[in-house]
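Work through the exercises below with the sequence and the model open. Each task is followed by a solution in steps.

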Amino acid sequence: MAGRDRIVHLLRQLERTACRCPAHSHTFHQGKLPIGPHTDYAFEMASSNIRYGAGVSVEVGMDLQNLGAQNVCLMTDRTLTRLPPVQAVLESLVRNRVRFQVFDDVRVEPSDSSFKEAISFAKKDSFDVFVAVGGGSVIDTCKAANLYSCHPDADFLDFVNAPIGKGRPVTRTLKPLIAVPTTAGTGSETTGVAIFDYEPLKAKTGIASRALRPTLGIVDPLHTLSMPERVAANSGFDVLCHALESYTALPYSQRAPCPTNPINRPAYQGSNPISDVWSRHALSVVSKYMKRAVRDSEDLEARSSMHLASVFAGIGFGNAGVHLCHGMSYPIAGNVKTHTARGYSVEHPLVPHGLSVVLTAPAVFSFTAPMCPERHLEAAEILGADVRQVKRADAGAVLADTLRRFLFDLQVEDGLGAVGYHKDDIPALVKGTLPQERVTKLSPRAHTEEDLSRLFETSMKLY
């Protein structure tokens, strides 16, 4: 009984120190459902194995040998093939006599078409291990290729999130996947999520299943030194919003419906006491190191710290989820017209993912603050605001102003208007947000189409 009593004591301590606002009063019960039969009563913690260290990419060939790999599919993009991260991995594979083939046609901000090209490549041969070297676009593409090559008869929409796809659970075991991230942002090396542009609707959607999680994430901070300034900035904004959104998400015990079978419990479960720890710490690292990492590509301490922050936030949001910033970002990226992204070597119009997410952040957190003001104030304080005399009712305004200053200091475009959008585009942006229920339903505050319209309108200009 002593061990059990200690666990109960620790849980009660957690409860006493937790946020008391209506949206985040996590309560631990002994044998009782906390809310009711229609909401969940449990959460799961899942993450890839992570190996971190400067130069650790040299070990990937040995890892493949240890897995008994006979035919490896290595995925990357054409820009990265010329850069040190891919060269380091290829040298390790050659040194360890690993047989491999390279697919380097990954699209930055992938689409259903580019996913299908990678899937077709993966189906042509009997690959027994996958390796992804790149940012979130590469890792997500490799996840999809692994999934569908293991389900050769599946229709593409079978595993795509509802309502765009059928959202079927993945029941087969996939091949091992080793992810070597080269950006400090998506956290894709830790999660079971693969995001893409669904071109028929001009909106982003994705595939979400714990089965997609990489077997191993090799986090080598030396790879981040090759990131251009704007790539470092936009990747960092993704980390920022992962941390903020997962920390302020609807609590897991208020998410409905409660799954009738644990296989149906979503990867994005709602905020929970374990994810909170990772998200809050990631936010602290962003506050301390992001500006340095953006401004000086040779600042190894700052870039290494942001690489770890991406992992921390990935573990947090990979189990809690994100909400409105990400849900609204998908049509922003998907409906891009002519915007040319600074620092990106691509030939197509592009609003980078991290930028599309952060442009709505001030408006979103001003909107969600009334449901959990303590958490919004804590986030503002971590990001440098003095909140000692701030009233709970002003939490949203304070966090929004703090974010605007942060974005201004990092030379972020002045709102959606600066990336090519106008008020006339708002109905299309709202329409593209509506199918994103997987994430938008985790907003701590319920919202209507009119609310979304106002958030997009407010985000047209930031400063």
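Axes are lines fitted to C-alpha atoms, for helices over the stretch in contact, and angles run from 0 to 180 degrees between N-to-C directions. Helices (H or I, at least four residues) and strands (E, at least two) are DSSP runs, numbered from the N terminus. The model is predicted: local features need pLDDT of at least 70, side-chain atom pairs count only at pLDDT 80 or more, and totals for chains, interfaces and linings use all residues. Residues are numbered from 1 along each chain as its sequence is written, and side-chain values use heavy atoms, with hydrogens and water left out.

**Exercise 1.** Describe how helix H14 and helix H16 cross.

Step 1. The axes of H14 (residues 426-433) and H16 (residues 449-458) come within 9 Å and cross at roughly 125°.

Step 2. Angles under 35 degrees count as roughly parallel, over 145 as roughly antiparallel, 65 to 115 as roughly perpendicular and the rest as oblique. H14 is therefore oblique to H16.

Step 3. The crossing of H14 and H16 is right-handed; a crossing is left-handed if the near helix is turned anticlockwise from the far one by less than a right angle, and right-handed if clockwise.

Step 4. Contact means heavy atoms within 4.5 Å. On the H14 side are Ile-426, Leu-429, Val-430 and Thr-433, which meet Glu-449, Leu-452, Ser-453, Phe-456 and Glu-457 of H16.

Step 5. Sorted by class, this contact has five nonpolar, two polar and two charged residues (Ala, Val, Leu, Ile, Met, Phe, Trp, Tyr, Cys and Pro count as nonpolar, Asp, Glu, Lys and Arg as charged, and the others, Gly among them, as polar).

**Exercise 2.** What is the strand order of the open sheet of six strands, and which strands stand at the edges?

Step 1. The order is E1-E8-E5-E4-E2-E3, with parallel pairing; two strands pair if DSSP finds at least two bridges between them.

Step 2. E1 (49-52) and E3 (100-103) stand at the edges with a single partner strand each, so one side of each has no neighbour in the sheet.

Step 3. From one strand to the next, the twist averages 20°.

Step 4. E2 (residues 72-75) and E4 (residues 129-134) pair in the parallel sense over four bridges. Cys-73 has Phe-130 of E4 as its bridge partner.

Step 5. Helix H4 (residues 112-123) packs on the sheet and touches E2, E3 and E4, its direction making about 165° with that of E3. Helix H8 (residues 300-320) also packs on the sheet, touching E1, E5 (177-181) and E8 (216-219), and its direction makes about 175° with that of E1.

**Exercise 3.** Locate the backbone exceptions.

Step 1. Most residues other than glycine have a negative phi, and most peptide bonds are trans.

Step 2. The peptide bond from Ala-162 to Pro-163 is cis, with omega near 10°; Pro-163 lies in the loop between H5 and E5.

Step 3. Glu-109 has a positive phi, near 60°, and lies in the loop between E3 and H4.
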